[in-house]
Amino acid sequence: MADATDPAERLNALLADRDETLATAESLTGGLVGSRVTDAPGASAYFDRGFVTYTYDAKRELLGVSRESLDAHGAVSDPVVREMAAGARDRASADWAVATTGIAGPTGGTDEKPVGLVYFGVAHAAPWGTEESFVRTERAVIDGDRDAVKRGAAETALDALVRAIEDVADPGE
């Protein structure tokens with residue numbers, strides 16, 4: 001039985017028997033989200049690919065993040081994580097995508113964007129013609145050193161993904 005508290009196990013329970021796929025787009029987490037997804041046996045049934053896009057150029061080239069969003073808002077922003085999630089979903093032709101961008105530290109923070117600031121994006125591709133596809137974003141500030149911020153961001157991203165999948169699976173709840 002899946003561990004009800006572990007987001008990777010919860011994700012596995014939700015997607016293992018469904019004909020849906022998942023892609024990840026990661027900046028500050030550097031592949032940790034994809035690694036956590038594959039910690040659950042059976043992830044190969046739904047995990048398609050991961051994009052690790054640490055630089056502006058990687059975000060633009062691999063995910064289609066616009067130069068305008070990067071220039072106006074910076075990589076650590078709601079508009080950029082929204083484009084990262086949608087780009088991963090669309091480039092992988094996946095049903096689901098989750099994206100992370102943030103400031104892991106110990107340097108790089110400002111008063112406006114402190115160390116530990118993380119944005120998460122979840123994109124869903126609903127069936128064509130339903131107009132129910134979406135991208136949701138969340139913002140959090142995670143305390144701790146670089147490792148704690150990265151690991152906390154990966155767990156929070158998976159939790160956001162699981163909540164979105166549960167919302168689609170059980171829209172009335």
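Arg151 and Asp147 are joined by a salt bridge, with their closest N and O atoms 3.0 Å apart; the term denotes a side-chain nitrogen of Lys or Arg within 4 Å of a carboxyl oxygen of Asp or Glu. The model is predicted: local features need pLDDT of at least 70, side-chain atom pairs count only at pLDDT 80 or more, and totals for chains, interfaces and linings use all residues. Residues are numbered from 1 along each chain as its sequence is written, and side-chain values use heavy atoms, leaving out hydrogens and water.

**The pair in helix α6**
- Arg151 and Asp147 lie four residues apart in helix α6, so about one helical turn separates them; helices are DSSP runs (H or I, at least four residues) and strands likewise (E, at least two), numbered from the N terminus.
- Arg151 is partly exposed at 46% relative accessibility; this class lies between buried (under 20% relative accessible area) and exposed (over 50%), using a 1.4 Å probe and protein chains only.
- Asp147 is also partly exposed, at 42%.

**Other salt bridges**
- A salt bridge connects Glu138 and Arg163 (2.9 Å, N to O).
- Glu138 belongs to strand β5 (residues 134–141) and Arg163 to helix α6, 25 residues apart.
- Arg10 pairs with Glu166 in a salt bridge, the closest N and O atoms being 3.9 Å apart.

**Packing of α3 and α5**
- Helix α3 (residues 56–63) packs against helix α5 (residues 78–92) at an angle of about 40°, with axes 9 Å apart; axes are lines fitted to C-alpha atoms over the stretch in contact, and angles run from 0 to 180 degrees between N-to-C directions.
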